[in-house]
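Subject: A structure to look through

Dear colleague,

I am handing over a structure for you to read alongside its sequence. Please keep it open while you go through the notes that follow.

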Amino acid sequence: MHDSQLIDPFGRRIDYLRISVTDRCDFRCTYCMDEDVSFLPKKDILSLEEIVQVAKTFIAMGTKRIRITGGEPLVRKNILWALEQIASTPGLEELTITTNGSQLYKMSQDLLDVGVSRINISLDTLDPQRFFTLTRRDKFQQVIEGIEKAASLPFKRLKINSVILKNHNDDELFALTDFALQRNMDISFIEEMPLGHISDHDRAATYKSSDEVIQDLSQHYQLTPSTSTTSGPTRYYQVAGHSHRVGVISPHSHNFCDTCNRVRLTVEGRLLLCLGNEHSKDLKPYIRQAQSNITLQEAIIEALTLKPEKHHFNLDEAPQILRFMSATGG
């Protein structure tokens with residue numbers, strides 16, 4: 001089929017799909033979810049077979065890249081089966097996974113074997129005590145060993161993702177960058193997104209812009225804006241003397257809406273057209289064939305007409321989006 005089926009009202013070609021395969025996680029990161037978060041009942045979430053069906057439909061319509069997220073995707077039972085089904089679908093160029101790293105020690109080799117080409121690992125600190133405070137879990141060593149294991153295998157690309165908060169972990173910018181570069185990994189520093197009510201900190205007070213991050217890092221490294229891009233929203237900088245890159249993701253200070261080429265599927269089958277808006281369409285009825293007068297492909301094309309031109313995040317207001325990142329898919 002011709003890939004022009006996936007074009008939004010602003011002429012953007014949607015060739016990148018992020019799929020959340022679970023809202024569950026073995027961490028409770030303070031900026032992502034509450035300690036006593038309640039998870040969705042099983043009947044409300046898509047089965048792995050349904051997730052594979054949606055992925056294959058998107059690929060047939062022109063999607064080139066799929067990223068699997070959660071919650072923590074690797075805690076979903078039989079996830080390797082689903083990854084293999086998706087990775088082996090003709091037309092897909094890249095299958096990536098975002099993980100907190102807790103399962104990487106035991107699963108890295110399997111992920112490579114089933115066809116995952118890139119892994120993004122969320123890591124906000126290299127201090128074990130701070131890690132415990134941030135994640136509310138004592139798994140720092142387990143994560144580091146998992147990263148080392150993944151770094152020893154021939155994945156196409158590995159990347160660390162760090163959410164940087166002022167006076168929380170911004171003193172670790174250099175340590176985190178060195179950690180990644182020494183292991184031949186990229187690293188992206190992310191501005192916190194105002195999703196869900198957070199009581200742990202005042203977002204405006206802890207906000208650190210990407211420009212400040214690059215300014216700080218420039219005191220240590222020689223950074224040159226990179227011409228290479230990936231399918232995601234990261235702006236990369238080449239680091240003199242290193243083959244790997246430093247990147248920033250800036251939903252506030254430099255929103256990347258004009259080049260947005262992605263949509264997200266939540267674990268309950270809702271297609272989110274924008275991370276910062278509630279624009280979405282429930283695909284579950286079409287996946288489960290309750291409404292057989294419209295096919296899943298037609299429902300997807302209809303949903304794309306809802307994709308907004310841009311989001312509107314404001315640090316000084318209460319969040320517009322009341323779902324947590326764990327429910328959205330990281």
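**Two helices in contact**

In helix α3, L104, Y105 and S108 meet E145, G146, K149 and A150 of helix α5, where contact means heavy atoms within 4.5 Å. By class, this contact of α3 with α5 has three nonpolar, two polar and two charged residues; Ala, Val, Leu, Ile, Met, Phe, Trp, Tyr, Cys and Pro count as nonpolar, Asp, Glu, Lys and Arg as charged, and the others, Gly among them, as polar.

Before going further, please note that this is a predicted model, in which local features need pLDDT of at least 70 and side-chain atom pairs count only at pLDDT 80 or more, while totals for chains, interfaces and linings use all residues. Residues are numbered from 1 along each chain as its sequence is written, and side-chain values use heavy atoms, with hydrogens and water left out.

Helices (H or I, at least four residues) and strands (E, at least two) are DSSP runs, numbered from the N terminus. Helix α3 covers residues 104-114 and helix α5 residues 140-151, and the two pack at an angle of about 20° with their axes 8 Å apart; the axes are lines fitted to C-alpha atoms, for helices over the stretch in contact, and angles run from 0 to 180 degrees between N-to-C directions. That angle makes α3 roughly parallel to α5, since angles under 35 degrees count as roughly parallel, over 145 as roughly antiparallel, 65 to 115 as roughly perpendicular and the rest as oblique.

**Buried residues**

Buried means under 20% relative accessible area, exposed over 50%, and partly exposed in between (1.4 Å probe, protein chains only). I121, in strand β4 (residues 118-122), counts as buried because its relative accessibility is 0%. Not counting residues up to four places away in sequence, I121 touches T99, N100, G101, L104, I147, K159, I160, N161 and M185. The C-alpha atoms of I121 and I187 are separated by 9.3 Å, although these residues are 66 residues apart along the chain.

L176, found in helix α6, is also buried, with a relative accessible area of 1%. Leaving aside neighbours within four places in sequence, its contacts include L123, D124, I187 and F189.

T234 lies in the loop between β7 (223-225) and β8 (235-239), and at 8% relative accessibility T234 counts as buried. Its side chain makes a polar contact with the side chain of K159 at 3.3 Å; a polar contact is a pair of N or O atoms within 3.5 Å, where within protein one must be able to donate a hydrogen and the other to accept it, and residues adjacent in sequence count only if both atoms are side-chain atoms.

**Backbone points to check**

Most residues other than glycine have a negative phi, and most peptide bonds are trans. N78, in the loop between β2 and α2, has a positive phi of about 65° although it is not a glycine, and at 54% relative accessibility N78 counts as exposed. N167, in the loop between β5 (157-163) and α6 (173-182), has a positive phi near 65° and counts as exposed at 69% relative accessibility. The peptide bond from G70 to G71 is cis, with omega near 20°, and G71 is found in the loop between β2 (65-69) and α2 (79-87).
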